[in-house]
Amino acid sequence: SLSLSLSLSLSLSTPNHHRHHSFKKEMKKRKIPESDYVESEECGGLRIYEVRGGEAGGSSSQRIQAGDTVTVHFDVLYRGLDVASSRSARLLGANRTIAEPYSFVAGGAVRALSPKRAGESGGGGLYSGAGGPEPPPALSDAVLGMRVGGIRSALVPPERGYGQRGLGEIPAGASFELRVEVLEIKKKDK
């Protein structure tokens with residue numbers, strides 16, 4: 001009885017800022033069968049799977065639409081390997097990395113809103129000159145219709161991913177899984 005109430009109170013008292021740390025662990029716990037993915041017209045025909053729906057009870061205006069500025073964490077998974085991730089976007093001294101969310105305008109070409117040039121330092125010399133990982137072009141469409149706090153997985157074909165050049169461990173012409181968590185939405189001006 002004591003252990004049940006202790007574990008229950010611990011799980012209820014866990015602050016929100018610790019939730020995003022569990023995203024990577026939560027996402028890697030199970031492989032989503034391809035048959036569970038559904039084709040989404042809203043996402044440009046990508047096959048998607050909703051892992052977590054995000055903030056509920058809102059109007060459709062709280063969902064991401066083309067032209068909205070969004071901030072996300074993303075992971076590119078190929079054969080179980082996390083090949084590119086905004087969670088390890090910046091290299092610190094002593095080979096330690098920190099998460100750096102990625103911001104862009106949904107529904108268009110994926111371009112970071114304020115990219116850092118090679119050698120530019122954002123932390124008083126603390127960061128290395130290497131920029132964050134390159135997101136796949138499909139990221140822009142994969143977030144459409146999502147809400148803050150939502151987590152989605154999308155199967156990305158080569159033509160919507162890294163194409164015939166590949167990226168790191170992803171060979172040319174390969175499909176992969178893209179997992180994205182929405183952290184913030186700024187609605188476009190009407």
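Over which residues does pLDDT stay under 50, and how many contacts beyond four places in sequence does the model have for them? In this predicted model, one such stretch is residues 115-130, for which there are 19 contacts beyond four places in sequence. Averaged over the chain, pLDDT is 75, and 63% of the residues score at least 70. Where pLDDT is low, the predicted coordinates should not be read in detail.

Strand β3 is described next, with its pairing partners. Nine of the ten residues of β3 are buried, so that the strand is mostly covered. Nine bridges join β3 to β9, and the two strands run antiparallel; within this pairing, His73 has Glu181 of β9 as its bridge partner. β3 also runs antiparallel to β7, to which four bridges join it, and here Val72 is partnered by Tyr102 of β7. A further four bridges connect β3 with strand β4 (residues 81-85), again in antiparallel orientation, and Tyr78 stands opposite Leu81 in β4. β3 and β4 form a hairpin with two residues between them, and Arg79 in the turn has a positive phi of about 50°.

Thr69 is also placed in strand β3. Its relative accessibility is 23%, and Thr69 therefore counts as partly exposed, given that buried means under 20%. The C-alpha atom of Thr69 is separated by 6.9 Å from that of Lys188, although the two residues are 119 residues apart along the chain.

Aromatic side chains were then examined. The structure holds four aromatic pairs. One of them is formed by Phe74 and Tyr102, in an edge-to-face arrangement with 5.9 Å centre to centre and 85° between the planes. This pair links distant parts of the chain, with Phe74 in strand β3 (residues 69-78) and Tyr102 in strand β7 (residues 102-105), 28 residues apart. Both Phe74 and Tyr102 are buried. Another pair, Tyr162 and Phe176, is stacked, with 5.3 Å centre to centre and 25° between the planes. Because Tyr162 lies in the loop between β8 (151-156) and β9 (176-186) and Phe176 lies in strand β9, the pair ties together parts that are 14 residues apart in sequence. Tyr162 and Phe176 are both buried. Phe74 and Tyr102 also belong, with Phe104, to one aromatic cluster.

The nonpolar interior was considered last. In soluble globular proteins, nonpolar side chains tend to be buried together. The largest nonpolar core here has 31 residues, and those with the most contacts inside it are Ile64, Val72, Leu139 and Val143. At least two residues of this core are supplied by each of β3, β4, β7, α3 (139-142), β8 and β9. Leaving aside neighbours within four places in sequence, Val72 is in contact with Leu139 and Val143, and also with Ser86, Pro101, Tyr102, Phe104, Val180, Glu181, Val182 and Leu183.

Note on methods
Residues are numbered from 1 along each chain as its sequence is written. This is a predicted model: local features need pLDDT of at least 70, side-chain atom pairs count only at pLDDT 80 or more; totals for chains, interfaces and linings use all residues. Side-chain values use heavy atoms; hydrogens and water are left out. Rings of Phe, Tyr and Trp (its six-membered ring) pair if their centres lie within 6.5 Å; planes under 30 degrees apart count as stacked, over 60 as edge-to-face and the rest as tilted. Buried means under 20% relative accessible area, exposed over 50%, partly exposed in between (1.4 Å probe, protein chains only). Two strands pair if DSSP finds at least two bridges between them. A nonpolar core is a set of buried Ala, Val, Leu, Ile, Met, Phe, Trp, Tyr and Cys residues joined through side-chain atoms within 4.5 Å. Contact means heavy atoms within 4.5 Å. pLDDT is the predictor's confidence in each residue, from 0 to 100.
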